[in-house]
Amino acid sequence: MAPVTEPVDPADAEDFLRLFYTEHPNEGDADRRVAWVRAEIDLTGTYHHTTAELTFGAQVAWRNSARCIGRLYWRSLRVRDLRAVRTADDVAEHCVQHLRQAWNGGKLRPLMSVFAPEAPNRPAPRIWNELLIRYAGYPTEDGGVLGDPRYLGFTDRVTTLGWRPTEPRGAFDVLPLVVETPEEGPRLYDLPADAVREVPITHPELPWLTELGLRWHAVPAISNIRMVIGGVSYPAAPFNGWYMGTEIGARNLADTERYNLLPEVARRLGLDTSSETTLWRDRALVELNRAVLHSFAAAGVTITDHHTESDRFLKHVAKEQRAGRTCPADWSWIVPPMSGSQTPVFHRYYDTEHLRPEFVLDDDAAHRGTHGGPSTPRRERPGTECPMWSYLH
């Protein structure tokens, strides 16, 4: 964990504070606050956000997230100010509390837990896991994978650090949480069962799908993305919305580099898989996604479909335009991974302006999230969850 040596840029701090006071005109004198913060940066190399500034900064980082389709409700994000928390044990315990609070009896609530920021020569705690809940991947003797292939490296790494999965091993074994601090190094924590809420995947018309033994966790809490507010960097700030069904049914369970279930679903459906022209993948994909939406609804757990969320996103774009703001969007992430042309977000262009506050995934965090341990610079293949997509991803 290399320490940050550069002080916060006072211009970045001022830009954020001016934005805060523009959108909160009753908060007081912006010039006085800017002068105070500039003096604090001169003295310490950084500055301390008020809780109101932190909350607003987190909400606007979501509002600015170009890869997120679910930004209509950015103002509803609740922020837990945990900047005084620095030990690995305490970070892990608050992550467990985060999962419990976000669960909310199945009525998932958007939530962020913000731990200590980085400061010059004072590294902050960080969480290795891409999401607080992810499933292990184990190589099999026949060259295949049991579980999630994306986390083969991560699983191997935590095993070398002392983690022992329960036996017999399964396709949905929850990985331990890894919290790293400069004083303690990486430490492992098994998540308690009541914090890991899962939904068994069934189908409204195909009883055999239950035989596949599929399930998925309910709370998509992204945990390795850095949040930067006014030049201050928060490397540990796990946050969640809720799932859009295609994240699970069209990506996590269907991607050839993930659970790759479409061939098995097609076989069970009796589809002709001898040629791509039979569109067997498309037909199997629809049924798998129907199963995901049906299962979450039957379990009383919040989820959204890609058609509804596309409509909501365009409402968000319109609201931002009425407020005099641009709404940056990455078309390749906003358009759903299933039936894209049948959603209204497909048929238009978007602003691509880079705005701050923001979420940033650096190479080191990306490597830790899939392989464990520090990295050498490299390009990572994007994951299937993006910041606050599902209502988030």
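A search of the whole structure finds 0 disulfides, a disulfide being counted when a pair of cysteine sulfur atoms lies within 2.5 Å. In general terms, a disulfide is a covalent bond between the sulfur atoms of two cysteines. The structure is a predicted model, in which local features need pLDDT of at least 70 and side-chain atom pairs count only at pLDDT 80 or more, while totals for chains, interfaces and linings use all residues. Residues are numbered from 1 along each chain as its sequence is written, and side-chain values use heavy atoms, with hydrogens and water left out.

Cys68 is buried, with a relative accessible area of 0%; here buried means under 20% relative accessible area, exposed means over 50%, and partly exposed covers the values in between (1.4 Å probe, protein chains only). Cys327 takes part in no disulfide, and the nearest cysteine sulfur, that of Cys68, is 9.5 Å away. Cys327 is buried as well, at a relative accessible area of 6%.

The next topic is the packing of helices. Two packed helices are described by the angle between their axes and the distance between the axes. Helices (H or I, at least four residues) and strands (E, at least two) are DSSP runs, numbered from the N terminus. Axes are lines fitted to C-alpha atoms, for helices over the stretch in contact, and angles run from 0 to 180 degrees between N-to-C directions.

Helix 7 (residues 262-269) packs against helix 8 (residues 280-298) at an angle of about 90°, and their axes are 9 Å apart. That angle makes helix 7 roughly perpendicular to helix 8, on a scale where angles under 35 degrees count as roughly parallel, over 145 as roughly antiparallel, 65 to 115 as roughly perpendicular and the rest as oblique. On the side of helix 7, Leu262, Pro263, Val265, Ala266 and Leu269 take part, and they meet Trp280, Arg281, Ala284, Leu285, Glu287 and Leu288 in helix 8; contact means heavy atoms within 4.5 Å. The residues of this contact divide into 9 nonpolar, no polar and 2 charged. In this grouping, Ala, Val, Leu, Ile, Met, Phe, Trp, Tyr, Cys and Pro count as nonpolar, Asp, Glu, Lys and Arg as charged, and the others, Gly among them, as polar. Helix 8 also holds Asp282, which counts as partly exposed at 44% relative accessibility. The C-alpha atoms of Asp282 and Asn260 are separated by 13 Å, with the two residues 22 apart along the chain.

A second pair is formed by helix 5 (152-160) and helix 11 (residues 363-371), whose axes come within 6 Å and cross at roughly 75°. Helix 5 and helix 11 are therefore roughly perpendicular to each other. Gly153, Phe154 and Arg157 in helix 5 meet Arg368, Gly369, Thr370 and His371 in helix 11. The residues of this contact comprise 1 nonpolar, 4 polar and 2 charged.

Not counting residues up to four places away in sequence, Glu130 touches Arg150, Tyr151, Ala221, Ile222, Ser223, Asn224, Gly369 and Thr370. With Tyr151 there is a polar contact between the two side chains, at 2.3 Å. A polar contact is a pair of N or O atoms within 3.5 Å; within protein, one must be able to donate a hydrogen and the other to accept it, and residues adjacent in sequence count only if both atoms are side-chain atoms. Glu130 lies in the loop between strand 3 and strand 4 (137-139) and counts as buried at 11% relative accessibility.

Several other loops show backbone features worth a look. A cis peptide bond, with omega about -5°, joins Glu167 and Pro168, and Pro168 lies in the loop between helix 5 and strand 6 (177-181). The peptide bond from Arg356 to Pro357 is cis too, with omega near 0°. Pro357 sits in the loop between helix 10 (331-334) and strand 13 (358-360). Pro336 is found in the loop between helix 10 and strand 13 and is buried, with a relative accessible area of 6%. Although Pro336 and Ile69 are 267 residues apart along the chain, their C-alpha atoms are separated by 8.8 Å.

Finally, two asparagines have positive phi values. Asn104, which is not a glycine, has a phi of about 50°; this residue is in the loop between helix 4 (88-103) and strand 2 (111-114) and is partly exposed, at 32% relative accessible area. Asn121 has a positive phi of about 65°. Asn121 belongs to the loop between strand 2 and strand 3 (126-127), and at 57% relative accessibility it counts as exposed.
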